[in-house]
Amino acid sequence: MKKYHLLVAVFFFSLTMSAQSAQSFLLNLYGGYTFADRVDFDSSYGRVEDGFEYGIGLEYFIMDNASIELKYNRLDTSMPLYTKVNLPNNGNPIPAGTQVNAGDDKGAINYILADYTYYFGSSSQKALPFLGAGLGVAILETPKSGSGTYFAWEIKGGVKVKTNSPLSINLHAYLQSMSAAVGYDYYWDYYWGPVAVTDYASTFQFGLGAAISYDFSK
């Protein structure tokens, strides 16, 4: 009898743990502030400056406490490039620390990500903590090199504040990264001689943001 009571208690507890109804479909409008990051290369370094990031997402709850989302975010920013060492320039070397793309450093990063998010709490709660992660691509726009598509990922955490209406507010922190091949490093192998290995550079940008969500199931 005690085992039966325990099973009943677990069953009703699992019912109250639903954060959102399964098969709910939400539209999310994003806005946030993304902080700057420095990216080092062999003879130079660049910065992806801070700026306002905005976007839109479509979120679908595959079960009561978990969702998948396809979203697009854009960060308009400046990307200055500086020399780390003195560079030759027809007898007039460029001093270390000189910005080599002054006046031509505006650009943007477009993130297209597929996210998985898990919400903690019960359906009766107005505030639901969550953790999530996403994979996808970043389309980098630069004035001189045009655009390129690179691997990207993010992790996030925050709280979802529900209302009695279809609208809710999502407050979160996030870390986004983009990786790109920037050339080759060469190593000497005893058997093969010089071996070229692709060299990658990555951005790591932390941000604070919010989203307004509309639940079409309500």
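Are Tyr-45 and Tyr-82 buried or exposed? Both are buried, where buried means under 20% relative accessible area, exposed over 50%, and partly exposed in between (1.4 Å probe, protein chains only). This is a predicted model, in which local features need pLDDT of at least 70, side-chain atom pairs count only at pLDDT 80 or more, and totals for chains, interfaces and linings use all residues. Residues are numbered from 1 along each chain as its sequence is written, and side-chain values use heavy atoms, with hydrogens and water left out.

**Aromatic pairs**

- The whole structure holds 10 aromatic pairs. Rings of Phe, Tyr and Trp (its six-membered ring) pair if their centres lie within 6.5 Å; planes under 30 degrees apart count as stacked, over 60 as edge-to-face and the rest as tilted.
- Phe-25 and Phe-216 make a tilted pair, with 5.9 Å from centre to centre and 35 degrees between the planes.
- This pair links distant parts of the chain, 191 residues apart. Phe-25 is in strand 1 (residues 25–34), and Phe-216 is in the segment after strand 11 (193–215). Strands (E, at least two residues) and helices (H or I, at least four) are DSSP runs, numbered from the N terminus.
- Phe-25 is partly exposed, at 36% relative accessible area. Phe-216 is also partly exposed, at 47%.
- The rings of Tyr-45 and Tyr-82 are stacked, because their centres are 5.2 Å apart and their planes meet at 25 degrees.
- Tyr-45 sits in strand 3 (residues 44–48) and Tyr-82 in strand 6 (residues 81–83), so this pair ties together parts 37 residues apart in sequence.
- Ring pairs also join Phe-25, Tyr-214 and Phe-216 into a cluster.

**Nonpolar cores**

- In soluble globular proteins, nonpolar side chains tend to be buried together.
- A nonpolar core is a set of buried Ala, Val, Leu, Ile, Met, Phe, Trp, Tyr and Cys residues joined through side-chain atoms within 4.5 Å.
- The largest core here has 9 residues: Val-48, Met-79, Ile-109, Tyr-111, Leu-113, Ala-138, Leu-140, Ala-152 and Met-178.
- Strand 7 (106–119) and strand 8 (127–142) each give two or more residues to this core. Strand 7 supplies the largest share, 3 residues.
- A second, separate core has 5 residues, including Leu-26, Phe-61, Leu-128 and Phe-130.
- Leaving aside neighbours within four places in sequence, Tyr-111 is in contact with several residues, among them Glu-53, Lys-71, Ala-138, Ala-152 and Gln-205. Contact means heavy atoms within 4.5 Å.

**Salt bridges**

- Side chains of opposite charge can pair when their charged atoms come close.
- The whole structure holds 8 salt bridges. Each is a side-chain nitrogen of Lys or Arg within 4 Å of a carboxyl oxygen of Asp or Glu.
- Asp-40 and Arg-38 form a salt bridge at 3.0 Å, N to O. Asp-40 is partly exposed, at 42% relative accessible area, and Arg-38 is partly exposed, at 42%.
- Arg-47 bridges to Glu-49, with the closest N and O atoms 3.3 Å apart. Arg-47 is partly exposed, at 28%.
- Arg-74 and Glu-141 meet in a salt bridge of 3.2 Å, N to O. Arg-74 lies in strand 5 (residues 66–78) and Glu-141 in strand 8, so the pair ties together parts 67 residues apart in sequence.
- Arg-74 counts as buried, at 17% relative accessibility, whereas Glu-141 is partly exposed, at 30%.
- Salt bridges that share partners connect Glu-69, Lys-71, Asp-115, Glu-154 and Lys-156 in one network.

**Glu-59: a buried charge**

- Glu-59 is in strand 4 (residues 51–63).
- Glu-59 is buried but has no salt bridge. The nearest side chain of opposite charge, Lys-160, is 4.8 Å away. Lys and Arg count as positive and Asp and Glu as negative; His and the chain ends are not counted.
- The Glu-59 side chain makes polar contacts with the side chains of Asn-28, at 3.0 Å, and Ser-67, at 2.6 Å. A polar contact is a pair of N or O atoms within 3.5 Å; within protein, one must be able to donate a hydrogen and the other to accept it, and residues adjacent in sequence count only if both atoms are side-chain atoms.

**Leu-175**

- Leu-175 is in strand 10 (residues 167–189) and is partly exposed, at 24% relative accessible area.
- The C-alpha atoms of Leu-175 and Trp-153 are 8.4 Å apart, and these residues are 22 places apart along the chain.
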